[in-house]
Amino acid sequence: GGGGGGAAGEGGGDGKGGQKVFVNIATSAHVKGMSKKKQLDKDGKEQEGVSIPLSVGAPRRGVDKRGGACVVVDVVVNPEVVEDCRSDKTGAFRHFVCELALNYIEQKYGMGVSRQYKLPKMAYKY
């Protein structure tokens, strides 16, 4: 089970004919929350990083608003991640979460996903 909400983002092609990829960000309290971790950078200096657990669903076929074929992937995060995205006025955290989701999708399914994405106006649905 899990909560509703989240954002819908549109990633680029999957490398096989440039098909659109839609990434739905959904929330569930069953996904662990963020944690801060201290780690060493390449120069050996301590820096603080953020770990954001994600659950990535299997890609499925979908249809975009023009009726064209696309791929849809659901990514589930803890609700606090979406709250932080909404409260971050700079958009930097939201961009970080989008990049992270695209990286997870690439690693899990071997899909090449363009970083030229856009966030639809209907971003948050509850």
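1. Helices α1 and α2 pack at an angle of about 135°, with their axes 7 Å apart. The axes are lines fitted to C-alpha atoms, for helices over the stretch in contact, and angles run from 0 to 180 degrees between N-to-C directions. The two helices are therefore oblique to each other. Angles under 35 degrees count as roughly parallel, over 145 as roughly antiparallel, 65 to 115 as roughly perpendicular and the rest as oblique.

2. Some ground rules. This is a predicted model, where local features need pLDDT of at least 70, side-chain atom pairs count only at pLDDT 80 or more, and totals for chains, interfaces and linings use all residues. Residues are numbered from 1 along each chain as its sequence is written, and side-chain values use heavy atoms, with hydrogens and water left out.

3. Which residues make the helix contact? V81, D84 and C85 in α1 meet F93, R94 and V97 in α2 (contact: heavy atoms within 4.5 Å). The residues of this contact divide into four nonpolar, no polar and two charged. Here Ala, Val, Leu, Ile, Met, Phe, Trp, Tyr, Cys and Pro count as nonpolar, Asp, Glu, Lys and Arg as charged, and the others, Gly among them, as polar.

4. In α1, V81, V82 and C85 are buried. Seen down the helix axis, the buried residues of α1 fall within an arc of 95°, so they line one face of the helix. That arc is taken from the directions from the helix axis to the C-beta atoms. Their cover includes β2, β7 and α2. Buried means under 20% relative accessible area, exposed over 50%, partly exposed in between (1.4 Å probe, protein chains only).

5. Helix α2 covers residues 92-109. At 1.5 Å a residue, its 18 residues should span 26 Å, and its end C-alpha atoms are 26 Å apart, which agrees. The expected span is 1.5 Å times one less than the number of residues. Buried in α2 are F93, V97, C98, L100, A101, L102 and I105. Their cover includes β2 (20-27), β5 (55-56), β7 (69-77) and α1 (79-87). Just after α2, G110 takes a positive phi of about 65°.

6. Now the whole chain. The protein has two helices and seven strands, in the order β-β-β-β-β-β-β-α-α along the sequence. Helices (H or I, at least four residues) and strands (E, at least two) are DSSP runs, numbered from the N terminus. Of the 126 residues, 36% count as buried.
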